[in-house]
Amino acid sequence: MKYSNELKVGISIILAGVIFVLGIRFFEDLPLFRTTYDLETELDDAAGLIPGNVVRVNGVTVGSVDEVFINPENNRVRVRFHVDRDVPVREGTETAVSGLDALGVVRMDLLLGPPGGEPVPSGGFLPNRSEPDLLTSLANRAPVLLDQVDRVMEDLGGVLTSSRTQLEDPASDVRMLLLSVRSTVGALDETLRAERRRVSSILTNVDSLTGALSNAVGGGDSLAAAVQDLRGLVRRMDATLAGLDRTLGGVDTLLGKINRGEGTVGLLVNDPSLYRRTDSVLVSIEALLADFRANPGRYLKEMRIVDLF
Amino acid sequence: MIRVEQLDKSFEGRPVLRGVSLDIPEGRTTAIIGRSGSGKSVLMKHLIGLLRPDRGRVLVDGVDINAISYGELRRVRRNFGVLFQGGALFDSMDSFENVAFPLRTFTTMSETQIRDEVLQCLALVELPDAGPKMPADLSGGMRKRVALARAIALKPRYVIYDEPTSGLDPETSNTIDVLIKDLTRRLNVTSIVVTHDMHSVLDIADRAAFVYEGRMHWVGTIDDLHASTDPVLTAFVKANEYQIGNPAAREARSKEQLP
Amino acid sequence: MARHQFGDKDVSASCRAPNDIPRARPEIRSPPMPSSVPLITRQFSALGRYSVLMLGAVSTLTEWGTYRRNIGTQMMRVGVDSLPIVCMATAFSGAVTTVQTAYQLVSPFIPDSIIGAIVTSSMVLELGAVVTGFILAGRVGARIAAEIGTMRVTEQIDALESMGLNSVGYLIVPRVLAGIVMFPVLYVIGTFVGISGGLLVGSLGGFVPAGDFLDGAREYFQPFDPVFGVIKAFVFGFAITSVSCYMGYYADGGAEGVGRATTQAAVLSCVYLLLADLVLAATLL
C-alpha cells in the first residue's frame, strides 16, 4: 500500500518532468532528443526579433532564438540562438533577419558558408549580413538614385549642348570634316576633268599614230590586230573613267542630300527643331526631378523597378 | 517530582489561574480536583508546557520547562504519557498503529519488537483484540483504553489523566479506575489525575489538590480530605459522595450529561 | 460533540491560546482576538501568526524524521489523487478556449494557426496553473483544513505535542512540501492534457487542423512561459497548503469551528491564489 503510493507519486513526478522537458523542446522547435548548440550574432536592428522566433536555413527550421539584448559595448543588438547539432554551420555563415514584425512572423535566416570550411564552434559568433527589406532599401537608396539621375541628365545636357556648339561653330570639327569632304570631292572632280582631256588627247595621238602606222605598213594584219587591241584597252579605260565619274556623282548626291537635310547627320545638321526638342525634353526631366524631390513617396513604388537593376 | 510555583494565567483578560502552587511527589497518584471551569485542566496543560504561564514556574525534575528550548521541552515531554479527555486517538490510524506511533517515532525498535510491545500494551488495558479497529469503531471507554495504551507505550515516568471517567457509564468508569490503579502500581509511575469525579479520586488517588476559582484551595492526603472542615471542599466532596453511595444517581448524572 | 459538552469550561477556554508569543518555540494556540479588536488589527495579527507558524515549519525542515513518514502519503493525496479531476478540468478548459477562440476569430486575414498560439499560451501561462489551483484550493485546501482542524479540536495535536513530537513538523511541513512539489507536477500534466484537449477538439471539430494548431503554438512559443507557469504552480502550491494548514491548525470551537476553518481555507486559498497570480504576473512577466 505504502509502496504503491510512493510508486505512483514517483511516476507522476517523472511523467511531469518528461512532459516539461519534451514539451518545451517541442514547442521551441528543438529536436526532441538530439542536442543543439548555441551561436551568437549582432545586428543593427532586431526588427522585432524576440526569443522563440525560428532560425532557418534555406527555409528549413533548424533552431530558435534564445535571447535578444542590447550589447552595452556598442549599442548593437546581440542575439543568442541555438541550432541543431547536425546543421553544418561553417566559417563564412552569415545571419539575416527577415519577416514583418507587424504580422509577428520575424525570423532569422542563416546563409550557410561554403562547404568544406571550418565548422563554427558552439558559442561562436556569426556576422550579420544586412539585408534590409525592400522598402528600407528603396528609402536608403533614393538619394543615390536621385544623384545618378541628376548626373545622367547633366551629362545628356552637356552632350546636347556641345553637339549644338559643334554644329553651330564654323570652326568645329564636324563642320570642317564636311567641308573637307566637299573640297576633296571637288578636287577629285577637277583632277578627273583635267585627266580626261589628257587621256582624250592621248587617244587622239594613238589614233593618229595608228593611222600613220597603217599607212606605213600598208594594211598588215598583225598591226591591224594590235591597233584593235589598243582600241579595246582604251574603251575599257573609258569605262573605268565612267565608273569613277559615277562615284563622284554619288558623292555629289550625298553631299546634296546632306545639304537638303536627309539622313541622320543631315537631320542633325539641318533640322532646326531638333535642338529645341532636346531642350524641352531636358526641361521636362528637370520638372520631373523637382517633383520627385518634393514627393519621393509617389515614385517609390516605381523606383523598385529601378532597384531591380 | 513536579513543582508548580505561583502560576498565573489569564485568557482574554479573564484570570484562570491565580498564584497556583503545587508539589507532585513521585511514585504517588495525585488527583487535581475541582468544579468545571475552576482551571484544573489549564493547570494540567501547564505541566507539559502546552500552555505558557503569564507568571510563575513549572519545574519538572528541577527543570523550568518554560525556560528551555522547544527541542529540550519536547525531550522533557517524553517522560509524560497523557490520556486526553476524548482519547485523542489519531483517527487516520487503527488502534494498533496509534499505540505503535510513539514507538515508531521515538524508538529504533524493529517491527517485531514494536508488535510485541503494542500487543503487550493493549493487553495491559485489557483490549488484546482491538488492534485492527479504527478509533471511529470503538466505544468511548475502549477509545480511552487504547489511548491509555498509547500513553504508556513509551514507559513514561509521569502519566496524566485528563477526566478519565467523564462521559463514561459508571461501570466503565470503574473499569478505568481499576486500570489506572493497576497500571500505576505495575509500571511504578507518578500519576496525575485531573477529574471532578470524587469516586475516582477516592478510589485511586493518594493525594488530592483542590482547585477553586483559579486558586489552589486545598492540598492533602485522601484521609485528610475526609477530615477536612473547609466548607467549600466539603460541599464539593459531599455533592459527589451522595452519588458514590447511590449508583442510580450517578447513572442519572451520566445520562444527563450526554447530549 | 459529547466530549466537549462534558469538558470543563476551562478546556474550551484553553483551546484558544496564550496571549504571549513564545520566543523559543512555535505557537501552539491562537492568541485571543475578541471581536472588539479592530478588523485591521486582527488581520495583521493573523498575518503575524501565519508567519510565525510558517517560520516554525521552516525551522523543522531539518527534522526529517518527523515528517518522513507522512510526506509520501501527503504527496499521494495532494498530487496523484487530484490528477483525474485536474486533467478533466484542464482538458475542458483547453477545449473551450479552442472553440471560443475559433468563434471569435472571424477575420479571413488571421490564420487559423493563431488559435493554436492562443490556446497554448493561455494554458501554459494562466489556465493550467489557475484551473489546477482552484481545484486544489477546493479539494486539497478544504481537506487539509478539515483534517488538521479536527485534530486540533479533538486534542490530537495536543496529544502529538505531549508525546514530544513537533506537531508543526509532523502535520504542516509534509503537507506544504507535498503542495510545492506536487502542484508543479499537476500543472505540467494538466497543461499538457489541456493543450491536447484543445488540439483534439480543434481538429475533430474542424476549427483548426492539428498541424496549423501546432505551427501557431510553436511560432509564438516563449521558452520562459512554462518556466513562469511552474514558478506560479510552486507559489500556488505553497499558498494553498500553507493557508489551509494555518486555518486548520488554529481551528477553534468544535465541529462548527472545523467547518468554518474548512470553508475559510477554500475561500482564502482562492483569494491568495489570485493575488499571487497578479503579483507574479506583474513582477516576472
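**View 1. Helix H1 of chain B against the strands of the predicted model.** In this predicted model, helix H1 (residues 40-47) of chain B lies across strand S3 (29-34), S6, S7, strand S8 (190-195), strand S9 (207-212) and S10 of chain B. Its direction makes an angle of about 150 degrees with S8(B). H1(B) is mostly covered, with eight of its eight residues buried; among them are B:Val42, B:Leu43, B:Met44 and B:Leu47, together with B:Lys40 and B:Lys45. B:Gly49, which follows H1(B), has a positive phi near 75 degrees.

**View 2. The open sheet of chain B.** Six strands of chain B form an open sheet in the order S6-S7-S8-S3-S9-S10, and their pairing is mixed. Strands S6 (80-83) and S10 (215-221) of chain B each have a single partner strand and stand at the edges, so one side of each lacks a neighbour in the sheet. On average, neighbouring strands of this sheet are turned by 15 degrees against each other, direction ignored.

**View 3. The interface of chain C and chain A.** Contact involves 25 residues of chain C and 23 residues of chain A. The area buried between the two chains is about 2100 Å², and carbon and sulfur atoms give 74% of that area. C:Arg218, C:Glu219 and C:Phe221 supply 27% of the area that chain C buries against chain A, more than any other three residues. Between these chains the count of salt bridges is zero, while one residue pair is found in polar contact across the interface. H8(C) gives the most to the side of chain C that touches chain A, with seven residues.

Key
Residues numbered from 1 in each chain as written. Chains lettered and ligands numbered in written order. Predicted model: local features only at pLDDT ≥ 70, side-chain atom pairs only at ≥ 80, totals over all residues. Heavy atoms only, no water. Pairing = 2+ DSSP bridges. Helix = DSSP H or I, 4+ residues; strand = E, 2+ residues; numbered from the N terminus. Axes fitted to C-alpha atoms, helices over the stretch in contact; angles between N-to-C directions. Contact = heavy atoms within 4.5 Å. Buried < 20%, exposed > 50% of the residue type's maximum accessible area, 1.4 Å probe, protein only. Buried area = accessible area lost by both parts, 1.4 Å probe. Salt bridge = Lys/Arg side-chain N within 4 Å of Asp/Glu carboxyl O. Polar contact = N/O pair within 3.5 Å; in protein donor to acceptor, adjacent residues only side chain to side chain.
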